[in-house]
Amino acid sequence: MGVVVATDPLLLLPVLNTIFVFAVSVVTAYLAARVFLAAGTWEVLLFGSGLLMYGTASLVAGWLRGAAGQNVNATIHNTGTLIAALFPFCMALLTVKQPGSLGRAKRRLTLVAFYGVLLAVVVVLTVLSLQGWLPPFYMPEAQPTLLRKVVLGTASALFAVSALSLLSYYRRTKSDFFYWCALGLGLLALGLAVLPFSVVFADPLGWMGRIAQYVGGLYLLVGILILVMTTRTHQMPVSEVVGEFFKQAKMNYQLLVETATDSIVSVDDQGRVLLWNRAAEKMFGASRDQAIGGLFLDMVIPAEHLESVRKEVAASAQGDSQGSRVAELTARRSDGQEFPIEMTLATDRTRRSSSPTITTFIMRDITGRKKAERELRENHLLVKAMAEGAYDPIFIKDRLGCILFANPAMEKVMDRPLVEILGKSDTEILSNTEDARVLAENDRRIMDSGRTEVVEETVTTTAGRLTFLSTKTPWRDDKGNVIGIIGVAHDITERKKVEDLKDEFIGMMSHEMKTPLTVILGGLHTLVNQGSQLTESERSDLLQDAYLEAGSLADMVSNLLDLSLCRSGQLVLVREDVELPKLLRHMVRRAKTQHPKHRFKTKCASLPQVSGDRVRLERIVYNLLDNAARYSPAGSCVTISAEVSDSRVVLGVKDEGEGLSAGAQAKLFTKFERLGRSSAGGPRGTGLGLAVCKRLVEAQGGRIWVESEVGMGSTFYFTIPLNRETFPQNNE
């Protein structure tokens, strides 16, 4: 086998390394140097040193690849990456124990030493690699060596640890700088983890590893940009901002305490304000300058509540040396607006009787809480009303499956009063033990998993088998423990019947369409492939069969379209004067073509013109003729007659079939009903013809019916108005 070589352009790798790795690394190293010189933050120095080493090694390796070969490229890049990964790893160790600080002069020397040694290492590494004095990392015969895999795997692990360290900083400080830097190092670790499995430099796996490193470099750049924007926002030097990022949680805790939202006010024994914090300014609408020295209670308590509050304060002052009381009362803002507050009253009197009494008020605006309590009461009543008025059964069960709550809809479904449902399990309520077992299993599974589920359940009631789509969710106490289940059951019995009917219809239509399509495709295939070998008569017969079956398909589609239009109320009738004798002769000729083994007879007296939709009248007549022929024996006669009766024309189509019983006649004109046996011995037909006839006849102001006896055949009649005046104006 030949050696697979890289196919990517030689300049592509060095250009990408320069843009996405080296440039970002240099900017990061520069910022790290400034921070270390200003604040002596060792973590930042190690972070910048590692990225400088990584970027420089990537730059040199990329540009030497074309001139020195793939092994030099892999050796410099992989070794430099491992050395670079050691620095952020040491940074992670420093989070446990901080080193001592250095003076500014020593910081400068340390920085020069760090960066100088790193650049020297890159130079030495480059020379050794070019001279071939280092073990091979990539050989054309063996491809990536074990040494390369070990080095890259170790570097990947070190970068991953460093990323986790920065994530810990992010959790403490919530600084986006650490977040993006952690993502960047994580992608570097992922990219390096992929490279050991790369067979050649240009294979997809190798480029996946490179792209992960480039994206990681971009994430590090995003972190640096966030750092720069932070310095501009706070108008602080970058060194101070980064130094603040690396401080421990103590500063964050102090900041949290300083931003407390409760109002704190202290008054002397005369009730004059001594302390008025910023939250009090916001709550009462008075500045500190306006409040200090004023009578606190007169400022914030409405006149009607003033006396009771003064008694509370006096009772606290006369109690123990340290007292505390909590009360809910009404306060007033500087603009006169009243609102509810929760006040904690604390009085502190020193041991010396001459010392003044200091009373501190800690107040919280409870407008939102009061509103929530009011809404909770209203919602409770609303939920109760909704449950009682809901159409779907709603229930609550405990862990044992006993029903604790059920709405009136449950009462209707089970056909039992609620008193016979509450406190009982499904096993005690349902007569079918299998139904009860399935319900109990569903309840236990949902309570054990703690997840909401939508399940389909079937139960037997006095109304028969009912299918419900039940939404069940765990019922939890205030501690989060599952103590039962809450469910809403939606009756989908009728929907299931419709779905079954739809599936049956799709299967029936597929079967009915398959036969004519088979004839059409078979005939056309024979004509295309063997047409020259057939006689003219054979070709004519094939075309005639295809034409007839295509007509059958067209009739199916037309019936479906008309039925759909009637059902949706979108049927539009085109009214015109129609000559019935001509229309009947045309439909009879068409029926003879489709049913050549039947005889057709027409009995029509002199008929006037009728007002109707010509296309839909043809559809009605043809459906009846086709239906009569299908359910009559071969060679029998189908007779169509027409006569005038009471401003209407009555048309009849008589067959010589088996006839229909009274029960069968009741099912006629219903979609998908096929009664009796067809003349071919099988159930040909979609069962839509008579249903379409009924809709189209009634849409034109007529009516349709059947007269039949078993063994005597059947006659289908329908009427059509003679005049436009009797034609319906509403097509629906």
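In this predicted model, the side chain of Asp-626 makes a polar contact with the side chain of Arg-630, at 2.7 Å. Asp-626 sits in helix 21, which runs over residues 614-630. With a relative accessibility of 13%, Asp-626 counts as buried, since anything under 20% falls in that class.

Stepping back to the chain as a whole, the 732 residues are 43% buried, and the secondary structure comes to 23 helices and 19 strands. Taking contacts between residues at least 6 apart in sequence, 63% of them join residues at least 24 apart. The chain exposes about 39200 Å², with carbon and sulfur atoms supplying 58% of that area.

As for confidence, the mean pLDDT of the chain is 77, and 80% of the residues reach 70 or more. Residues 1-7 have pLDDT below 50, and this stretch has seven contacts in the model beyond near neighbours in sequence. Residues 247-258 also stay under 50, with five contacts beyond four places in sequence. Where pLDDT is low, the predicted coordinates should not be read in detail.

Spanning residues 433-449, helix 17 has 17 residues and reaches 24 Å from its first C-alpha to its last, close to the 24 Å expected at 1.5 Å a residue. Its buried residues are Asp-435, Ala-436, Leu-439, Asn-442, Asp-443, Ile-446 and Met-447. They cover an arc of only 130° around the axis, which puts them on the same side of helix 17.

Just after helix 17, Gly-450 takes a positive phi of about 75°.

Two loop residues round out the picture. Asp-655 lies in the loop between strand 17 (648-654) and helix 22 (662-667), and is buried, with a relative accessible area of 5%. The side chain of Asp-655 reaches the backbone nitrogen of Gly-657 at 3.0 Å. Leaving aside neighbours within four places in sequence, Asp-655 is in contact with Ala-628, Ser-632, Cys-637, Gly-713, Ser-714 and Phe-716. Asp-655 and Met-712 are 57 residues apart in sequence, yet their C-alpha atoms are 8.9 Å apart in space.

Pro-608, for its part, is found in the loop between strand 14 (599-604) and strand 15 (610-612). At 34% relative accessibility, Pro-608 counts as partly exposed. Beyond four places in sequence, Pro-608 is in contact with Val-644 and Leu-722.

Note on methods:
Residues numbered from 1 in each chain as written. Heavy atoms only, no water. Helix = DSSP H or I, 4+ residues; strand = E, 2+ residues; numbered from the N terminus. Expected span 1.5 Å × (residues − 1). Buried < 20%, exposed > 50% of the residue type's maximum accessible area, 1.4 Å probe, protein only. Arc of directions from axis to C-beta. Contact = heavy atoms within 4.5 Å. Areas by Shrake-Rupley, 256 points an atom, 1.4 Å probe, with all protein chains shown as cover. Polar contact = N/O pair within 3.5 Å; in protein donor to acceptor, adjacent residues only side chain to side chain. pLDDT = per-residue confidence, 0-100.
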